[in-house]
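Let's take a friendly walk through this model, stopping at its pockets and at a metal site. Please keep the 3D view open as you read.

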Amino acid sequence: MRLSKFFLPILKESPREAEIVSHRLMTRAGMIRQQSAGIYSWLPLGKRVLDNVNRIIREEQNRSGAIEILMPTIQSADLWRESGRYDDYGQEMLRIEDRNERDMLFGPTNEEMVTDIFRSYVRSYKALPLNLYHIQTKFRDERRPRFGTMRSREFQMKDAYSFDIDKDGAVHAYNRMFVAYLRTFARLGLKAIPMRAETGPIGGDLSHEFIILADTGESQVFCHRDFLDFDTPGVETDFDDRAGLAAIVERWTSLYAATDEMHDPALWAEVPAEAQMSARGIEVGHIFYFGTKYSEPMGATVMGPDGKEHPVHMGSYGIGPTRIVPSIIEASHDEAGIIWPESVAPFKVGLINMKPGDEACDATCERIETALANAGVDHLYDDTADRAGAKFATADLIGLPWQVIAGPRAVANGEVEIKNRASGERQTMSVEAAINRFT
Ligand code: ATP
Ligand code: MG
Ligand code: MG
Ligand code: MG
């Protein structure tokens, strides 16, 4: 991609309302634009990152055995009346009336709808286990939308829903998602710690929020420092191995980690003082086992091996892709701008022509551009007439992992400079070597 043909509306100034660094950087780097309070457009640079985040989420959901569907954003109020949540949900729900005066709503979540799909088709325990997920826009009329897409009113959620014949099966489904989330966040370059979370009126102990530590987080959290050094389950993990998965979950829940609401000062006091981390955190994911809360009132039952009808045991599992993008920035930036982990970077390489119009610089950049394109390496070639200083500032701001800099002096020697955005390390090498480095 050539910058002269791309749409990258860089802003010099941060918006006044941007209180946290990710909001400032996403706006300045032309990733998002606010359209109404808490409602954002994703501009090309932001869209590329969001797509990468969703690709990783999808790969790990699929790996764990979940199956992708797509449910609508607009739902009928009748479904929510069946579960009893239509009146309970309160002001966060955006309620809509259609031309026939039917009550509709913009979905804040999909438990009811997926339960309806399930009960319409599945009759026997033999079709279980089943886990259906989608990545879809949600709307919650948040009291205080803020921090850009971190807490917006319209946002994306990956929400998965598991169906099992009994609690044992549901716990295995829960463990699958637990491990899938560990893998997902690690691949996104995030250190997310699963923390015991409120289960609401149903009780039980099966709910975890996945939290990233960040000073700007909205939750107060308490956890054992050793979590930061835990290994992520590998790609070879067998998601059908019940005992194996249970052991991973056991380990990842063996140390103290709780959000404010679940904090237990007596247990906390047992954690050695030097291992205590009391910090701010961002909730990036939330998993939940809720038994028959929806299946019972909505009549989602299956025939069990005993020949009797059983309401299915369900769980739901959310991740917020549009919250993850700013969370990555909160965890990875410096004074100059964003530092993308390679896995989600909008482009891997920024190619900077310091002197467009100079024959040697142009020829060198075009040679590198062609080599990268042929090898399928995502790159952004800054071929604009801006001065070099401005180009460097833009490159640092948008945070591509690698910069390849072609200036007249180096090019005259058949060389370019490459810079690693994260470490700042620079290296001069032949054009050939630079190409080999990335292809
Ligand atoms: P919060 O406590 O931040 O309000 P929540 O507990 O209401 O979040 P869940 O219902 O658990 O959210 O939804 C699952 C995931 O969806 C969250 O972990 C988060 O990643 C994402 N999410 C929820 N609300 C928002 C929002 N307003 N903007 C962006 N992402 C959100
Ligand atoms: Mg909320
Ligand atoms: Mg929450
Ligand atoms: Mg939550």
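Is His286 buried, partly exposed or exposed? This is a predicted model, and in it His286 has a relative accessible area of 21%, so it counts as partly exposed. Glu283 is also partly exposed, because its relative accessibility is 27%.

These two residues meet at a metal. Glu283 (OE) and His286 (ND1) coordinate the magnesium ion (ligand 4) at 2.2 to 2.3 Å. Glu283 also coordinates the magnesium ion (ligand 3), which lies 3.1 Å from the magnesium ion (ligand 4).

| Pocket | Volume | Lining by class |
|---|---|---|
| Largest pocket | about 1300 Å³ | 15 nonpolar, 18 polar and 16 charged residues |
| Second largest pocket | about 350 Å³ | 8 nonpolar, 2 polar and 6 charged residues |

In the largest pocket, 49 residues form the lining, and those closest to the centre are Tyr89, Arg140, Glu209, Glu283 and His286. Strand E13 (276–291) is one of the elements that supply at least two residues each, and E13 gives the most, with 8 residues. Others include helix H4 (85–88) and helix H10 (321–331).

The second largest pocket is lined by 16 residues, with Ile10, Lys12, Asp386, Ala390 and Thr394 closest to its centre. Helix H12 (residues 388–398) provides the largest share of that lining, 5 residues.

One last stop is Asn175, in helix H6 (residues 167–187). Asn175 counts as buried because its relative accessibility is 8%. Leaving aside residues up to four places away in sequence, Asn175 touches Leu245, Ala246 and Val249.

Methods:
Residues numbered from 1 in each chain as written. Chains lettered and ligands numbered in written order. Predicted model: local features only at pLDDT ≥ 70, side-chain atom pairs only at ≥ 80, totals over all residues. Heavy atoms only, no water. Donors = N, O, S within 2.8 Å, 3.2 Å for Na, K, Ca; no water. Buried < 20%, exposed > 50% of the residue type's maximum accessible area, 1.4 Å probe, protein only. Helix = DSSP H or I, 4+ residues; strand = E, 2+ residues; numbered from the N terminus. Contact = heavy atoms within 4.5 Å. 1 Å grid on protein atoms, 1.4 Å probe; cavity = no way out; pocket = protein on both sides within 12 Å on 5 of 7 lines; lining within 4 Å. Points joined across faces, edges and corners; volume = space filled by probe spheres on them. Nonpolar A, V, L, I, M, F, W, Y, C, P; charged D, E, K, R; others polar.
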